[in-house]
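Hello,

Here is the structure I said I would pass on. My notes on what was found in it come after it.

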Amino acid sequence: MDTPGITALLSTTATALLSTTATTLLSSSTALPPSEGEEPTPEDEERVSSQALLILVSLLIAALLTSYYLQRWRIRTVHETVLSIFAGMAVGLVLRFSTGSYIKRIVTFDHTVFFNMLLPPIILNCG
């Protein structure tokens, strides 16, 4: 298995995905988001939902790549979870100061999803 070729492909893909995310967010900021009182059009909902999904997938790919490189180079000084937390904080900070309220509502933490869908498998796996 050619690991230098695979790592080059993964890093190229991650770079392209992150640049696409940045380009999409910057280009979509020119369109006026709906006001607080009005309902967004279905096209706006679809665009914002796809942007939120792109951001989340980009974070997952970045976490996968950092985990891979930390294991490959045997870096033990920092854990991969710490890097994932800082990446999430950086993206959250960018979203907080750059976008409208509609995308913020989509990517916010929903405690009901966490407690009803994510937490039970974690508890059952430990038991």
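**What was found**

F109 is exposed, at a relative accessible area of 63%. Please keep in mind throughout that this is a predicted model. F114, with a relative accessible area of 25%, is partly exposed. The rings of F109 and F114 have centres 5.8 Å apart and planes at 50°; this angle falls between the limits of 30 and 60 degrees, so the pair counts as tilted. Two values are given here because a pair of aromatic rings is described by the distance of the centres and the angle of the planes.

The count of aromatic pairs comes to 4. Elsewhere, Y68, Y69 and W73 form one aromatic cluster.

**The chain as a whole**

Of its 127 residues, 15% are buried. The accessible surface of the chain is about 9500 Å², and carbon and sulfur atoms account for 68% of that. As for contacts between residues at least 6 apart in sequence, 71% of them join residues at least 24 apart.

**Helix α2**

α2 covers residues 42–72. With 31 residues at 1.5 Å each, α2 should span 45 Å, and the distance of 44 Å between its end C-alpha atoms agrees with this. The buried residues of α2 are V48, Q51, A52, I55, S58, L65, S67, Y69 and L70. Some of the spacing in that list can be read against a general rule: an α-helix has 3.6 residues a turn, so residues three or four places apart point the same way. Just after α2, R74 takes a positive phi of about 55°.

**The core**

Which residues make up the largest nonpolar core? There are 5 of them: V48, I55, L95, Y102 and I103. Both α2 and α4 (101–107) supply at least two residues of this core. In soluble globular proteins, nonpolar side chains tend to be buried together.

What is I103 in contact with, once its neighbours within four places in sequence are left aside? The residues are V48, Q51, A52 and I55. These four residues are also listed among the buried residues of α2.

Regards

Notes: Residues are numbered from 1 along each chain as its sequence is written. This is a predicted model: local features need pLDDT of at least 70, side-chain atom pairs count only at pLDDT 80 or more; totals for chains, interfaces and linings use all residues. Side-chain values use heavy atoms; hydrogens and water are left out. A nonpolar core is a set of buried Ala, Val, Leu, Ile, Met, Phe, Trp, Tyr and Cys residues joined through side-chain atoms within 4.5 Å. Buried means under 20% relative accessible area, exposed over 50%, partly exposed in between (1.4 Å probe, protein chains only). Contact means heavy atoms within 4.5 Å. Rings of Phe, Tyr and Trp (its six-membered ring) pair if their centres lie within 6.5 Å; planes under 30 degrees apart count as stacked, over 60 as edge-to-face and the rest as tilted. Accessible areas come from the Shrake-Rupley method with a 1.4 Å probe; for residues, only the protein chains shown count as cover. The expected span of a helix is 1.5 Å times one less than its number of residues.
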